[in-house]
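Hi,

My notes follow below it.

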Amino acid sequence: MKKRIGVYVCHCGGNISDVVNVSEVVTAVKDMEGVAIAKNTLFACSDAAQNEIVNDITSLHLDALVIASCSPKLHLHTFRAVAERAGLNSYNYVQVNIREQCSWAHSYEKVSATGKAIQLVKSGIERVIFSRAMEPFSIPAEQSVMVLGAGIGGMRSAISLANVGLQVYLLEREFFIGGRTAQWGDLSAAYENGPEVVSRLFKQIREHANIHLFIGAELISQSGNIGSFEVKVKIKPRRISGDCDESGFNQAISICPVEVPDDFNFGLTSRKAIYQHYPSEYPAIPAIDDANCNFCGACESLCKSIDLNQKEEILNLKVGNIIVNTGFDPYEPTRGEFGYNEIERVLTLPQFKRLVDISGAGKLNFKGKQIHTITYIFCVGSRQGEEGENQYCSRYCCTTALNTAIIVKRKFADITNIHCTRGIRTYGKQELIYEESSRQGDIFLEFSFENMPVVEERNGKVFVRIKDILTANREMEAETDLVVLITGMVPRRNNNIAQMLKIPTGRDHFFNEIHAKLRPVETVIDGVLIAGTCQGPKNIMETLNSSMAAAAKSAASLSSGTIHLEPIVADVNTDQCTGCGICLTVCPFDAIVTAGPEDKPAVSIVISRCKGCGMCLPVCPEDAIELYGFTNEEMEGMIDGLTSY
Amino acid sequence: MESSSAKLKVLVFSTDKISDPAIDLAGLLKKHYPAGVYTISVPCSSAIKPRWIIHALQRGFDGVFIAADGTDCPYGELCVPNTANLVAATQIKMEKLGIAPQRLKMAAICSICAEPFVRYMNSFLHDLDTI
């Protein structure tokens, strides 16, 4: 039993102390049996607080530690390291969650939340009293990583991982790589366009022996744990095998009778069921879109590489980590939102960028009319006000809109840009783009959330009406040739990855990291990391940064060749055990074997096989099995702590 | 006026990898549930001993809720029948001790089930109030 326990109750800035009366918690527990010191601390995770705890442990000869703060998912390892630095076994430390499961969950009930925090801390103290010193187990770690999504972020993660010697399985659900970036023309703050960036990364991937790229590939199931995930991958049939000369492919595309809106150009153009988006696209062969192909066989007769009978394949792989980098979808305005889908000269930003990219220099035409005046309406689908809508800023759209306005003015003659904004957010060096847009004579108006612009069509002409904050709420109306809705980012539709990998999503419905600053690419599922725009709006640079961070985090966890696991295993009290063998029937890992002499049969645990699930505990009629860290003393001690007064 | 269910105490056995993240997520998303709900996390829902449940009920908890791994259990599919068996065995013991079996409830809570968890808590407290 521990007799000199240190208890620290964290304010977490105000995250806890705005709701829980921290001093009252300290007062309530300081005189408990075994407590040598109880303190409150502003940020228990800060260097200063950690050093103070280390000093207390050594100077006061503490034999156990309780810290009441955030979820153990965030800082368990931080505080275990504090204990170790002071020479205390890290399993003599208990973390009590009074933030996620107390102050945040009961923020309107300050008195009740304080009472609950007291009970929780008492419970932690009762548990640590019976804690025992343990050492973690090590298991071999697969030297391979699966990266989901071969956009620029996924490719960057793959290259970084491959460069440190890990095998990488890079999966792309679509038939072509590059994700959204392949759709963008000239990029802001760079002298490259989207396809050029994709080509540069793809060249490195193709040349790297450690990267195995699967296209048209989807993760369909996974099991296992960090260090050893078993995954099943389905590869859709591309229905084209090997090479065919270019004219053969072109003839096959032209003879295809099926024509559908081209997603790549956001419906501005159409494509065939056998298609390739642009000539330099990777892989440089077309694909057949099963959802739209009528399997008439016309293309097959023109090109010997087309095989409409090609079947899907299933791959079974073993990987140590999974990095999810599945990107975003552009916000799709609702019908009638600023005239979208009702007035034909209203486009979204992604549609407009494709229009600019596929139009030849000189004159910009749309629907048979030359475009002179373009009015941009910002923050469409972002910074919305109502609960359930997208209340976040999509970060990239102001910069992209102004960059596109600059490109339009350079590429086409006689263009006037009118920007209806809610305040420009071209942060960092992107301010230079704002400056350039201003210098080239773009007009800036600003509206408030309460007074949204109105888009109307009268007598075949399109008008935008706005109450402009910058001119004392003066109402203005501009006749315009084209309205561009500056749409933000939303999470991918039809993304079943979250369900399969059990990645939590946040209030914005993007994937949720453990902590935006402290653990920005890790999820609560050990070994599953997230990066890029699947975790929230980001520009290209931010996407690449997070992708490299995920690669670094993954490499760090696998590169030693071993993963350290909790030493939580079952233990049999052979005096109580009668050897009935019921526990053998419930163990999924065959970790229990019969042992002991004939006159005193018993079972024993094969430590190397035991995963610490504890399934054997409740079935033992003699209550002879305990789980380290979850013994009867510890569990019932915790319950007593929660019910004590 | 505070409802009588607000004074009830419920012990939730959550699981470290599956349901505990969902309970954290409920807090993160500021989805409120009554402060009488306390959580103890275990590795797997099929590891909960009947004696712990009965101890909690005898020490003053009004109800015990097992936020089970369900089919998401990282330890395999045996978790579902094993958890169901332990709940059934515990309810028999509870009856023998004169404790209403309805005071023990189980539902699968996955790692992103923040909203279902809050719903379960509200409805369980409501049910307990009527026992």
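**The parallel sheet in chain A**

Five strands of chain A form an open sheet with parallel pairing, in the order β18-β27-β21-β22-β23. Helices (H or I, at least four residues) and strands (E, at least two) are DSSP runs, numbered from the N terminus. Two strands pair if DSSP finds at least two bridges between them. This is a predicted model, where local features need pLDDT of at least 70, side-chain atom pairs count only at pLDDT 80 or more, and totals for chains, interfaces and linings use all residues. Residues are numbered from 1 along each chain as its sequence is written, chains are lettered from A and ligands numbered from 1 in the order in which they are written, and side-chain values use heavy atoms, with hydrogens and water left out.

A:Val380 has A:Thr487 in β27(A) as its bridge partner. Helix α10 (397-411) of chain A packs on this sheet. It touches β21, β22 (416-421), β23 and β27 of chain A, and its direction makes about 170° with that of β21(A). For such angles, axes are lines fitted to C-alpha atoms, for helices over the stretch in contact, and values run from 0 to 180 degrees between N-to-C directions. Contact means heavy atoms within 4.5 Å.

**The antiparallel sheet in chain A**

Another open sheet has 3 strands, ordered β24-β25-β26 (chain A), with antiparallel pairing. β24 and β26 of chain A are the edges with a single partner strand each, so one side of each has no neighbour in the sheet. Direction ignored, neighbouring strands here are turned by 25° against each other on average.

β24 (454-458) and β25 (461-468) of chain A pair over 5 bridges. A:Val455 is partnered by A:Val464 in β25(A). The hairpin has 2 residues between its strands, and A:Asn459 takes a positive phi near 50°.

Now the next one. β25(A) and β26 (474-480) of chain A are joined by 7 bridges. A:Val462 stands opposite A:Thr480, and A:Ile466 is partnered by A:Met476. Here 5 residues lie between the strands, and A:Ala472 in the turn has a positive phi of about 55°.

**Where chain B meets chain A**

How many residues of chain B are in contact with chain A? There are 48, and they meet 53 residues of chain A. The two chains bury about 4400 Å² between them, 60% of it on carbon and sulfur atoms. Buried area is the accessible area (1.4 Å probe) that two parts lose on being put together, summed over both. In chain B, B:Lys49, B:Trp52 and B:Tyr75 lose the most area to chain A, together 14% of what that side buries.

The interface holds 7 salt bridges (a side-chain nitrogen of Lys or Arg within 4 Å of a carboxyl oxygen of Asp or Glu). One joins B:Asp16 to A:Lys73, with the closest N and O atoms 3.7 Å apart. On chain B's side, the elements giving two or more residues are β1 (10-15), α1 (19-28), β2 (37-42), α2 (50-58) and α3 (79-96). The largest share, 7 residues, comes from α1(B).

Best wishes
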